[in-house]
Amino acid sequence: MAKKENTASVLAFEKKLVTSDGHMYGTTWQERTTRLQPLKLNEKSVRGTISNRLKAAIKGDPAKLNAEVEKANLQRVDACALTPEQDTLNLQFTIKVLGGITEPAACNNDLFKQSYRNAARAYIETHQFSELARRYAINLANARFLWRNRVGAEQIEVQVSAKNNQVEKSWTFDATQYSTKHFDHQDEKIDELATLIAQALSSDNDFLMLEINCYAQVGRAQEVYPSEELVLDKGKGEKSKILYQVQDIAAMHSQKLGNALRTIDTWYPEFTDPEASAGPIAIEPYGAVTNRGKAYRTPAEKQDFYTFFDVWARGEQLQATEHEHYVMAILVRGGVFGESDK
Amino acid sequence: MIGAVKKLLVIPHMKVHNANALSSPFTIGFPAMTAWLGAVHALQRQLNKQHIGVAFNAVGVISHDIDLQTYKGENDYVHSIVGTGNPLDKTGARSAFIEEARCHLDVSLVIEFDNITVDERASLVEQVTQLLHGKIKMASGDIKSFNTPICVNVTHGDEGELKKLQRLLMPGYALIERRDLMIAAMNEGQDALQALIDFTSVHYSCETDDTDKVTWFRHSKQVNGASAGWIVPIATGFYGISELAAAKNQRDPDTPHRFAESLVTLGEFKMPHRILCVEDMLWRYHTQGDYYLCQQSQFATPEPCDSGNEFE
């Protein structure tokens, strides 16, 4: 095939929402702002039962089955819980919102860079990032970033404060008032926060620092869920589950918080199908949802990022505004998107 | 030299998140020296773009804390790298795990600058603050926070000014080049990799006395009968192994490409209060023939070495 003139074989974008790790503290709901104690990981050793599916030969023979089930299934895992006096989990992290999306971090083709820049400028002019920023703001307000810790929490309060050279503002949200299923909330506080996020994203090299301080009343001595570490060939160590900690404080990975923040994709085809829909999914080039083991935007259906980006960045129009939002949200997420020049 | 004033920009306690700890193909740990000088050079270019004609000539790196993302279980013999799970591919299948060593850092940078007047310093600090927040990365890591940068003058030979700077950087460890150890070992006929391992390995041995009591000893290589200090392998530059040419899919289409190998030597983490003059902690670029090197001025004129190649 002939070599295309405006193909960038090296193309990369930096993330524009830079999340820190989330640090976990325990407290009580009444004294939540004054008494915070860092949560530590505990090691648990338990005698588990054999509960996996067994081979037909063992299943059918009661003697063999008994012998199998009598074996101790010893496990050592990390766990993290509030103390008996505490009923509230406190999660703290920061997000830096950066501008300069019109410049790729790396691009080795000037023609492509020029046409991309025009497309990105046109998007900023028309939409000013207001739709994306509103969704990011709602994901802060609804405390989606708590992940499993959000489930069953009685009360959740999210304090957000925004800071940069010109701004210093803060808001308090009652997360239970915001759904994680849709982004239809109209709210003055959300609008204020979203405007600031949008300003930073549309800027050339400005930034906005967000500090998030979240309290979730999960119940006395209840277990809480930091991130699990991914340790591949960890040798013969006995522990089967290793949780994340930073300087002896239980923590959530920045990547995990970032994923929750960009869970704003309601534009994939199956979203409206009540049977197949996964609700809002995280912004990913192929619409990947790890816990479902499924990619919701496949190249076969021409709904993936690359299909849109390749025409959009070369100056053509996309069929729907939602597609543009999706493409820009991917660029906010960042990544390496170079294509083969063959 | 006495009386020479060094103008220094200090960026105290920069917290860097998920920095690249894979500094050379065979070492993991503190990010490579090229990463630090590169980031400072990028900072200078951004400042120059904004009409602040500052020149950053040398960089000192002080590590206050490094949290290397590895895991070692109770009975494990080796550390394993803590990885990151990556999104599924287009078929919904799990993508391959790629081992990337990462670390969280708390570092201070000491940058020797020139070419600006005293009046311009305030705007320099302001712009540096803005760029570090909004644009610059360090060793591929995100800058989470840092204390306000400050400009200080240190006159050569002035104890008081040096003490003031040292207090600013304590507690911490400045990264110092110890190529001299490599040169000495290789002059004694040791192979480069062997010399490197010799200085960084820790040996355990035991003795059994008459009463069957076992005593364990831990020792590492000594220099002149004393401990050589906190010695670590560090990556300090590159050695070109091909001619300048255009390569397919190179990152920058206008600059010729060259394949290179990283240069690894020994370094030492040394408390700043033990440093006798600022120059001892500063690193500078040095290019010569096939070498692209970050080095300290004590090595400015490379000493001859029997193997003919003291860097590797």
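Start with a term. A patch here is made of residues with over 30% relative accessible area and no salt bridge, and nonpolar side chains are joined within 5 Å. Keep in mind that this is a predicted model.

So, which residues form a nonpolar patch on the surface? They are Val202(B), Tyr204(B), Val214(B) and Trp216(B). Together they have about 450 Å² of accessible area. Two elements of chain B give two or more residues each to this patch: strand S9, 202-208, and strand S10, 214-220.

Take Trp216(B). This residue is found in strand S10 of chain B. Buried or exposed? Trp216(B) is exposed, because its relative accessible area is 58% and the cut-off for exposed is over 50%.

Now a contrast, Asp142(B). Its place is in strand S6 of chain B, residues 142-145. Asp142(B) counts as buried, at 8% relative accessibility; the cut-off there is under 20%. What does Asp142(B) touch, leaving out residues up to four places away in sequence? From chain A, Lys15(A) and Val18(A). From chain B, Lys15(B), Val16(B), His17(B) and Lys137(B).

Last item, a sheet in chain A. It is open, has 3 strands, and runs in the order S8-S1-S18 with antiparallel pairing. Strand S8, 106-107, and strand S18, 335-336, stand at the edges. Each has a single partner strand, so one side of each is left without a neighbour in the sheet. Strand S1 of chain A, residues 11-13, pairs with S18(A) over 2 bridges, in the antiparallel sense. Within S18(A), Gly335(A) is the residue opposite Phe13(A).

Notes:
Residues are numbered from 1 along each chain as its sequence is written. Chains are lettered from A and ligands numbered from 1 in the order in which they are written. This is a predicted model: local features need pLDDT of at least 70, side-chain atom pairs count only at pLDDT 80 or more; totals for chains, interfaces and linings use all residues. Side-chain values use heavy atoms; hydrogens and water are left out. Patches are made of residues with over 30% relative accessible area and no salt bridge: like charges are joined within 9 Å, nonpolar side chains (Val, Leu, Ile, Met, Phe, Trp, Tyr) within 5 Å. Accessible areas come from the Shrake-Rupley method with a 1.4 Å probe; for residues, only the protein chains shown count as cover. A salt bridge is a side-chain nitrogen of Lys or Arg within 4 Å of a carboxyl oxygen of Asp or Glu. Helices (H or I, at least four residues) and strands (E, at least two) are DSSP runs, numbered from the N terminus. Buried means under 20% relative accessible area, exposed over 50%, partly exposed in between (1.4 Å probe, protein chains only). Two strands pair if DSSP finds at least two bridges between them. Contact means heavy atoms within 4.5 Å.
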